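Please open the structure in the viewer and keep the sequence at hand.

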Amino acid sequence: MEDNTKTWGIRGISADVRQAVITQSQKQGMKAGEWLTVAILEKIRQDRNVGKALVATNGKPAVSAEDASAVLALLERLQGMGIEPPDRMKKKVLTLVRRCMMLTKA
């Protein structure tokens with residue numbers, strides 16, 4: 001817990017935001033810097049994918065590039081924490097990504 005109370009090198013971060021980062025990182029079992037890295041990368045991915053929802057023409061629900069990106073980010077996060085996702089989850093993610101790619105080609 002001592003690591004989380006060190007002075008930050010970023011100016012302009014309020015005490016309540018720092019405390020929120022510390023609280024969330026502890027809930028996730030991560031160091032504050034690791035948690036911030038994941039949060040920032042997820043925000044960047046979301047910003048890049050805004051408005052990229054794909055609409056399927058065959059009546060099936062839309063496959064969103066944002067959703068596919070979020071699922072991939074979750075798998076990366078699990079693997080980064082040393083947790084190997086179940087094969088079933090990996091297969092479903094692969095299917096989702098393939099559908100998303102097929103719809104972008106159409």
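This is a predicted model: local features need pLDDT of at least 70, side-chain atom pairs count only at pLDDT 80 or more; totals for chains, interfaces and linings use all residues.

Beyond its neighbours within four places in sequence, Ser25 is in contact with Met30, Lys31, Ala32 and Trp35. Ser25 belongs to helix H1, which covers residues 15-28. Its relative accessibility is 0%, under the 20% limit, and Ser25 therefore counts as buried.

Next, display H1 together with helix H2, residues 32-48. Their axes lie 9 Å apart and form an angle of about 95 degrees; the two helices are therefore roughly perpendicular to each other. To view the contact, select Val21, Gln24, Ser25 and Gln28 in H1, which meet Ala32, Trp35 and Leu36 in H2. Of the residues in this contact, four are nonpolar, three are polar and none is charged.

Now turn to the salt bridges, of which the structure holds three. Select Arg77 and Glu42, whose side chains meet at 3.4 Å, N to O. Arg77 lies in helix H3 (residues 65-80) and Glu42 in helix H2, so that this pair links distant parts of the chain, 35 residues apart. Glu42 is partly exposed, at 25% relative accessibility.

Proceed to Arg45 and Glu76, which form a salt bridge with the closest N and O atoms 2.8 Å apart. Because Arg45 lies in helix H2 and Glu76 in helix H3, the pair ties together parts 31 residues apart in sequence. Arg45 is partly exposed at 25% relative accessibility, and Glu76 is partly exposed at 45%.

Finally, select Lys43 and Asp47, whose side chains form a salt bridge at 2.8 Å, N to O. These residues are four apart in helix H2, which means that about one helical turn separates them.

Technical notes: Residues are numbered from 1 along each chain as its sequence is written. Side-chain values use heavy atoms; hydrogens and water are left out. Buried means under 20% relative accessible area, exposed over 50%, partly exposed in between (1.4 Å probe, protein chains only). Contact means heavy atoms within 4.5 Å. Axes are lines fitted to C-alpha atoms, for helices over the stretch in contact, and angles run from 0 to 180 degrees between N-to-C directions. Angles under 35 degrees count as roughly parallel, over 145 as roughly antiparallel, 65 to 115 as roughly perpendicular and the rest as oblique. Ala, Val, Leu, Ile, Met, Phe, Trp, Tyr, Cys and Pro count as nonpolar, Asp, Glu, Lys and Arg as charged, and the others, Gly among them, as polar. A salt bridge is a side-chain nitrogen of Lys or Arg within 4 Å of a carboxyl oxygen of Asp or Glu.
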